[in-house]
Amino acid sequence: MNCPCCSGKSYEECCKPYHAGEKYAPTAEALMRSRFSAFAIPNGEYLMETTLPEKRKFHNKEDLQEWGEINQWTKLEIIKTPALNQVEFKAYYNDEDGKPQIHHEFSTFKKVDERWYYVSGKFLE
Ligand SMILES: [Zn+2]
């Protein structure tokens, strides 16, 4: 299958190795892509694991899993990566009523011991 992150690669050659824990996403953008794919799959566990440990208390694995499940994730668009630890993106999805939605976010990431983590995001528009 094509990778849900819209890289044009197959899932096996793109985000799957990150989800399977075989390797770590080498950049903040790659982590962002793999997190979008994790909503599409969905894989709440991976979403928690890739959140900075001190930020995990603001999230919940079941909620992340459910958010992935109830929506249909259609497209990811990377708008820009102004710094190594910043990614602006638009995530396109259809909500549980089938209505198309766009989640526009400016996310911040942090690298700790060679691993990238999601820190937080600012919602835009
Ligand atoms: Zn991917």
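In this predicted model, a patch of negative charge sits on the surface, gathered from Glu62, Asp63, Glu66, Glu69, Glu96 and Asp97. One of these, Glu69, belongs to helix α4, which runs over residues 61-70. With a relative accessible area of 51%, Glu69 counts as exposed, because the cut-off for that label is over 50%.

Most peptide bonds are trans, and most residues other than glycine have a negative phi. The bond between Ile41 and Pro42, however, is cis, with omega at about -15°. As for where this happens, Pro42 is placed in the loop that links α2 (28-40) to α3 (44-49).

Then there is the matter of phi. Asp113 is not a glycine, yet its phi is positive, near 50°. Asp113 falls in the loop between two strands, β3 (100-112) and β4 (115-123). Its relative accessibility comes to 71%, so Asp113 is classed as exposed.

Glu125 is another non-glycine residue with a positive phi, here about 65°. This residue is found in the segment that follows β4. At a relative accessible area of 86%, Glu125 is exposed as well. Strand β4 thus makes a handy landmark for both residues, because Asp113 is in the loop between β3 and β4, while Glu125 is in the segment after β4, with strands being numbered from the N terminus.

Notes:
Residues are numbered from 1 along each chain as its sequence is written. This is a predicted model: local features need pLDDT of at least 70, side-chain atom pairs count only at pLDDT 80 or more; totals for chains, interfaces and linings use all residues. Side-chain values use heavy atoms; hydrogens and water are left out. Patches are made of residues with over 30% relative accessible area and no salt bridge: like charges are joined within 9 Å, nonpolar side chains (Val, Leu, Ile, Met, Phe, Trp, Tyr) within 5 Å. Accessible areas come from the Shrake-Rupley method with a 1.4 Å probe; for residues, only the protein chains shown count as cover. A salt bridge is a side-chain nitrogen of Lys or Arg within 4 Å of a carboxyl oxygen of Asp or Glu. Lys and Arg count as positive and Asp and Glu as negative; His and the chain ends are not counted. The place of a charge is taken as NZ of Lys, CZ of Arg, CG of Asp or CD of Glu. Helices (H or I, at least four residues) and strands (E, at least two) are DSSP runs, numbered from the N terminus. Buried means under 20% relative accessible area, exposed over 50%, partly exposed in between (1.4 Å probe, protein chains only).
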